[in-house]
Every structure is written in structure tokens, then in C-alpha cells.
Amino acid sequence: MDNKQVIEKFYQSFAACDAEGMISCYADDVTFKDPAFGLINGYDVKKMWRMLLKNPNLKIIASNINADDKTGSADWVAVYTFSLTGRKVTNKVHAQFKFSNGRITKHTDHFSFWKWAGQALGLKGYLLGWTSLMQNKVKQQALARLEKFKG
């Protein structure tokens, strides 16, 4: 399987809410970074996807998938209901990947935290989503939910 096929499998698994399929695309020591969770590693990355895919109202559409022998990228859109507020979110994301031995070793998702916060958190998110205070609070809550999910 070439690296483009790895990314395609990752997003096909994501769209099917198949966390184990997604995780199989990762190296054991994978690092993941996004504006909501910050930087997490290995086991925590895998647990994050297991936790996030518990949301039954998730739709994923991936496009512009590209890869060479070391790096790759994709654009994807997630449409879901944010569990903490019940608000509908449409999040447009650009992902970057690094590979080794046919597995993803680094996955970085880029999206507008301010746009996400406005949708997920309402007026408070719209007004404060651009601030580091709000970004840090959301990151702390996301990591606390992950810790609780890990049991």
C-alpha cells in the first residue's frame, strides 16, 4: 500500500466510524496535533479517535488526497453535533502527514479555531474563540475528556 492509499484508507475508515481501521494506519509512536487537543502522542492519539467516533452524528468527506514517499496531505470536512453543547458543527480541515514504513508517524490538522468555536460554543465561542484563553480552556477540557475516556 502506498502512502496515498494509507491516507485514503484512513479517511474511508473515518467516514465509516471505524476507529480501529484509522488506527491501523498509524505507527505506534505517532504524534498528532490540532487546535483542540494540542500535541498528543501514541496511545493517546488512538484513544482520541476511539472517543471521538462515539459521536453517532458524524459525517466525513475527504478530498485532495496527495502523498509521496515521505509526506502527504488531505482536505476534509467533518459535520457533527458537538456533544458538550448539542450544536451542529461543520469543520473544514487541512491535514498534513509524515510517513515511515507505510504508516503515518505525524498527523497535523489545521483549522480555524475561531470558526469552530463559534459553531460549537455559540456566541461565547464567536466572541472569544480567537483568544488564547478560550483556546487553552478548550484544549484543557478536551484533554480532560480524553483522560476520563482512558479510564
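## Start in the core

Begin with the largest nonpolar core, which has 43 residues. Select F10, Y11, F14, W49, I104 and W116: these are the residues with the most contacts inside that core. As background, nonpolar side chains in soluble globular proteins tend to be buried together.

Before going further, keep in mind that this is a predicted model. Colour the chain by pLDDT and you'll be looking at a mean of 94, with 99% of the residues reaching 70 or more. Helix 5 has the lowest confidence, at a mean of 87, while strand 6 (residues 103-110) has the highest, at 98.

Now pick F10, which sits in helix 1 (residues 3-15). Is F10 buried or exposed? Its relative accessibility is 0%, so F10 counts as buried. Show what surrounds F10: beyond residues up to four places away in sequence, it touches M22, C25, Y26, W49, I104 and H107. Take M22 from that list and draw a distance between the two C-alpha atoms; F10 and M22 are 12 residues apart along the chain, and the separation comes to 4.7 Å.

Next, click on I104. Setting aside neighbours within four places in sequence, I104 is in contact with V6, F10, C25, Y26, A27, V30, F97, K98 and F99.

While helix 1 is still on screen, select A15, which belongs to this helix too. A15 has 41% relative accessibility, so it counts as partly exposed.

Switch to a cartoon view and find the open sheet of six strands, whose order is 2-1-6-5-4-3, with mixed pairing. Which strands stand at the edges? They are strand 2 (38-41) and strand 3 (59-67); each has a single partner strand, so one side of each is left without a neighbour in the sheet. Turn the view and look at how the strands sit against each other: neighbours in this sheet are turned by 20 degrees on average, direction ignored.

- Strand 1 and strand 2 pair in the antiparallel sense over four bridges. Select D34 and you'll find its bridge partner, G38, in strand 2. A hairpin of three residues links the two strands.
- Strand 5 (residues 87-100) and strand 6 run antiparallel and are joined by seven bridges. Pick S100 here, and look for R103 opposite it in strand 6.
- Strand 4 and strand 5 are also antiparallel, with 12 bridges joining them. Y80 stands opposite V89 in strand 5. Follow the chain through the hairpin, where four residues lie between these strands, and stop at G86 in the turn: it has a positive phi of about 75 degrees.
- Strand 3 and strand 4 run antiparallel with seven bridges between them. N66 has S73 in strand 4 as its bridge partner, and the hairpin here has three residues between the strands.

## Helix 4 against the sheet

Select helix 4 (residues 113-121), which lies across strand 4 (71-82) and strand 5. Line up your view along strand 5 and you'll see the helix running at about 140 degrees to it. Which residues of helix 4 are buried? They are F113, W116, A117, G118 and A120. Just after helix 4 comes G122, which takes a positive phi of about 80 degrees.

## Last stop: T131

Finish in the loop between helix 5 (123-128) and helix 6 (132-150), where T131 lies. Show its side chain and look for the backbone oxygen of L128, which it reaches at 2.7 Å. Is T131 buried or exposed? With a relative accessible area of 14%, T131 is buried, because the cut-off for buried is under 20%.

Definitions and conventions
Residues numbered from 1 in each chain as written. Heavy atoms only, no water. Buried < 20%, exposed > 50% of the residue type's maximum accessible area, 1.4 Å probe, protein only. Polar contact = N/O pair within 3.5 Å; in protein donor to acceptor, adjacent residues only side chain to side chain. pLDDT = per-residue confidence, 0-100. Pairing = 2+ DSSP bridges. Axes fitted to C-alpha atoms, helices over the stretch in contact; angles between N-to-C directions. Contact = heavy atoms within 4.5 Å. Core = buried A, V, L, I, M, F, W, Y, C linked by side-chain atoms within 4.5 Å.
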